[in-house]
There are 2 protein chains.
Amino acid sequence: MSLLRVSASGALFAPCCRSLCGGHWSAVAAAAPSARWRACTPVPVPHRSFSAAAGPGSSDSGDGGAGRLRGGRWLRAGAALLASGALLGSGLRRAHLARREGPGEEEALLDRLAGFMAPPVSPLSVLLAAPRDMKTRMEVLILDTQAQVCRALQEADGGAEFIVHSWQREEGGGGISCVLQDGNVFEKAGVNVSVVHGHLSEESIQQMKSRGKSLKTKDGKLPFCAMGVSSVIHPKNPHVPTIHFNYRYFEIEDADGNKQWWFGGGTDLTPTYLNEEDAIHFHKTLKEACDEHGPELYPKFKKWCDEYFVIRHRGERRGLGGIFFDDLDSPSKEEVFQFVQSCTKAIVPCYIPIVNKHRNDSFTPEEKLWQQLRRGRYVEFNLVYDRGTKFGLATPGSRIESILMSLPLTARWEYMHTPPKDSKEAEILEVLRHPKDWVH
Amino acid sequence: MSLLRVSASGALFAPCCRSLCGGHWSAVAAAAPSARWRACTPVPVPHRSFSAAAGPGSSDSGDGGAGRLRGGRWLRAGAALLASGALLGSGLRRAHLARREGPGEEEALLDRLAGFMAPPVSPLSVLLAAPRDMKTRMEVLILDTQAQVCRALQEADGGAEFIVHSWQREEGGGGISCVLQDGNVFEKAGVNVSVVHGHLSEESIQQMKSRGKSLKTKDGKLPFCAMGVSSVIHPKNPHVPTIHFNYRYFEIEDADGNKQWWFGGGTDLTPTYLNEEDAIHFHKTLKEACDEHGPELYPKFKKWCDEYFVIRHRGERRGLGGIFFDDLDSPSKEEVFQFVQSCTKAIVPCYIPIVNKHRNDSFTPEEKLWQQLRRGRYVEFNLVYDRGTKFGLATPGSRIESILMSLPLTARWEYMHTPPKDSKEAEILEVLRHPKDWVH
């Protein structure tokens with residue numbers, strides 16, 4: 001695939017001969033930016049200063065580590081240790097700093113981390129040791145995205161707060177699950193980050209092979225590292241649509257020591273009723289994010305989305321689509337990352353205005369019932385077809401509560417429910433059966 | 001497998017050199033019945049006489065063919081044609097009768113058919129032409145079971161009636177779906193019969209191969225005939241358990257013209273709360289049905305049930321089990337059929353007494369909520385693991401509304417719901433995680 005063009009400027013540090021768990025660095029020169037491309041600016045993060053408190057930096061793990069936290073608060077528990085060098089081993093931090101990146105870069109990374117919902121999944125020492133490795137950058141991006149979205153949702157809800165669970169996976173890695181349940185606006189909103197590594201299950205290997213990946217296993221094993229941010233937001237009001245997004249990064253090392261990497265992701269909208277203005281706003285915002293990286297991207301990924309989110313046995317799509325892509329591994333890791341970053345930046349502006357517009361709309365019991373029936377279809381897609389859910393359920397040691405937080409709080413299945421012709425219910429069904437172009 | 005012994009007495013007519021759609025007959029002698037076996041009596045069906053009315057015998061098909069029908073009423077529309085010989089071609093019926101089976105046998109079959117919820121799926125002419133073919137006998141058995149169960153449920157509900165849909169499958173065959181929704185006792189009760197034939201999808205062939213079947217395809221095709229009765233009953237009251245049963249028969253013809261046949265089935269109970277007396281009654285009734293055919297059957301099929309209905313990602317079973325078996329193709333077609341018949345006879349007595357015992361139990365909102373969460377788990381099992389659901393969703397032209405009528409009317413997913421220790425909710429979870437023996 002050749003989907004992205006050069007967007008980075010200046011010299012890049014790219015991982016080279018680095019195993020999935022660590023390694024060394026070599027500097028490489030990036031190609032010059034194309035004239036019609038502009039560099040993406042990083043997602044803005046509030047600058048926070050540390051305050052001293054006791055407690056480990058990344059040990060708020062396991063299901064016991066739950067709490068109603070706001071981004072940044074966790075650092076009160078962990079920053080003191082970090083500042084004292086304990087997390088890198090006493091005395092090592094400053095030496096490392098001088099050797100590798102210079103103090104400014106490390107401080108900047110620490111500042112970004114300070115805004116997150118919980119301590120990063122990877123130990124701070126690992127992140128600080130390799131701030132320019134794609135795994136570090138992607139982990140920071142997904143944690144950042146989680147924090148931005150959670151704050152925006154919490155503000156829109158105006159009542160409930162996110163419950164934050166940091167958890168560890170026995171086989172390697174862990175995650176941070178943020179769930180807001182039974183709020184003023186949102187019935188169930190989950191924003192999950194996971195950073196896992198280990199060996200792929202046979203089932204997962206088969207799934208990947210079935211979509212054309214050449215994967216040579218050794219004794220049936222395949223080391224992998226996968227990370228992503230994933231979210232489904234189910235509002236209460238049937239006039240506020242459900243949104244889903246997921247951005248992920250994979251690295252796999254096959255039996256010959258060859259490494260493969262790719263990005264995947266997407267953002268899509270599932271309304272209960274059709275509102276054309278909302279559909280246009282949503283798709284337009286995504287298109288603008290894509291267009292920064294090439295005019296061919298939005299049409300291609302919009303079509304991919306329409307083709308992916310199909311409930312085949314119903315002959316209809318889950319929602320109004322958006323963008324979707326997978327196995328994106330060209331033209332370069334840096335360029336795909338920049339594109340993914342733009343996509344994550346578009347989440348809040350494509351959705352929150354729609355939430356605020358409809359959150360106080362009145363609705364009838366019949367409209368609520370139709371929402372519940374559509375929620376049933378959402379469950380059908382996720383459990384029967386969704387690749388991410390299947391990957392999660394098939395991966396040993398996965399955190400099921402995090403994977404299935406995508407399911408709505410309530411859903412309904414009525415036998416032979418058929419909306420009357422020319423009804424609002426029939427109107428959205430028509431679009432789900434025959435997807436439209438919302439922006440040109 | 002050698003699970004059943006001889007139970008039939010006298011001469012049998014067995015299909016021989018008969019294609020999946022028709023053929024000729026040859027008489028074979030059955031082995032003498034074992035002393036410790038007794039023949040199963042057929043499921044009793046009310047005797048009804050025909051009354052003349054216009055309309056085709058088995059053309060109440062397609063989704064337009066719905067109606068609130070009681071068993072037998074459909075014959076008022078179809079019997080006149082049959083009696084006049086129209087369904088077999090004018091004048092052919094009596095000639096056929098004299099040549100093949102004798103008038104008594106055919107009349108007996110017609111009497112049984114009269115008690116069903118709708119006309120059989122196969123044309124009456126096909127059934128009457130080969131009343132002793134296993135496909136005919138199984139179709140009659142599953143229609144009979146549907147009628148018996150629907151009547152018993154309707155009586156227990158005391159309010160709502162079953163909606164009956166006869167439907168045809170473009171690729172071959174069809175079915176009869178009976179659904180009672182929002183009754184006094186039952187939230188959703190579906191009893192479905194399907195008789196389908198055609199060619200298996202590649203996905204279905206792979207599924208069958210994965211469980212050890214040797215299937216040689218020709219140009220990737222495999223002719224099959226499958227029929228079964230399948231039911232899930234979800235009551236309103238959380239103290240009345242959900243029941244599921246399914247009994248099915250398969251015939252497959254491979255590229256070399258070799259035929260394979262097998263039966264599968266089972267009945268299992270999914271309560272919201274544990275009631276040991278109910279669990280014992282349920283399992284004891286099933287055990288008695290199995291014991292008629294060999295003492296080894298119940299323990300074997302009880303274990304199989306516990307192993308099959310596992311929600312793997314949750315580490316728990318769907319319910320309290322019951323019996324489950326598949327690929328049953330020995331010691332003989334007749335003997336397995338007799339066993340399956342005994343199982344179908346046990347459905348009403350194993351369940352209806354439990355319904356009547358608890359239908360008026362009082363319950364709290366918290367108990368209703370727990371029921372809804374367990375319904376969510378039911379959905380997870382059915383959509384992620386259930387082989388029948390997967391086969392249905394993967395079979396082109398399947399009737400989705402019939403396959404997914406197993407899903408409850410309403411379900412719920414709460415993030416991180418954990419019942420308190422020593423609660424009634426924790427009590428049933430314990431049994432779902434560690435299944436018990438209920439009868440010895």
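The legends below describe several close-up views of a predicted model. Local features are given where pLDDT is at least 70, side-chain atom pairs count only at pLDDT 80 or more, and totals for chains, interfaces and linings use all residues. Residues are numbered from 1 along each chain as its sequence is written, chains are lettered from A in the order in which they are written, and side-chain values use heavy atoms, with hydrogens and water left out.

**View 1. A salt bridge between A:Lys135 and A:Glu251.** The two side chains meet at 3.4 Å, N to O, where a salt bridge is a side-chain nitrogen of Lys or Arg within 4 Å of a carboxyl oxygen of Asp or Glu. This pair links distant parts of the chain, since A:Lys135 lies in helix α5 (residues 134-157) and A:Glu251 in strand β8 (residues 242-253), 116 residues apart; helices (H or I, at least four residues) and strands (E, at least two) are DSSP runs, numbered from the N terminus. Both A:Lys135 and A:Glu251 are buried, a term that means under 20% relative accessible area, with exposed over 50% and partly exposed in between (1.4 Å probe, protein chains only).

**View 2. A salt bridge between B:Arg137 and B:Glu334.** The side chains of B:Arg137 and B:Glu334 meet at 2.5 Å, N to O, and the pair joins helix α5 (residues 134-157) to helix α9 (residues 333-345) of chain B across 197 residues. B:Glu334 counts as buried because its relative accessibility is 7%.

View 3. B:Lys284 counts as partly exposed at 43% relative accessibility, as does B:Glu288 at 45%.

View 4. Leaving aside neighbours within four places in sequence, B:Leu274 is in contact (heavy atoms within 4.5 Å) with residues including B:Leu320, B:Ile428 and B:Trp438. B:Leu274 and B:Ala426 are 152 residues apart in sequence and 9.9 Å apart in space, C-alpha to C-alpha.

**View 5. A:Thr272 in a loop of chain A.** A:Thr272 is placed between β9 (259-270) and α7 (276-291) and is buried, with a relative accessible area of 5%. Among the contacts of A:Thr272, leaving aside neighbours within four places in sequence, are A:Pro238, A:Trp370 and A:Ile428.
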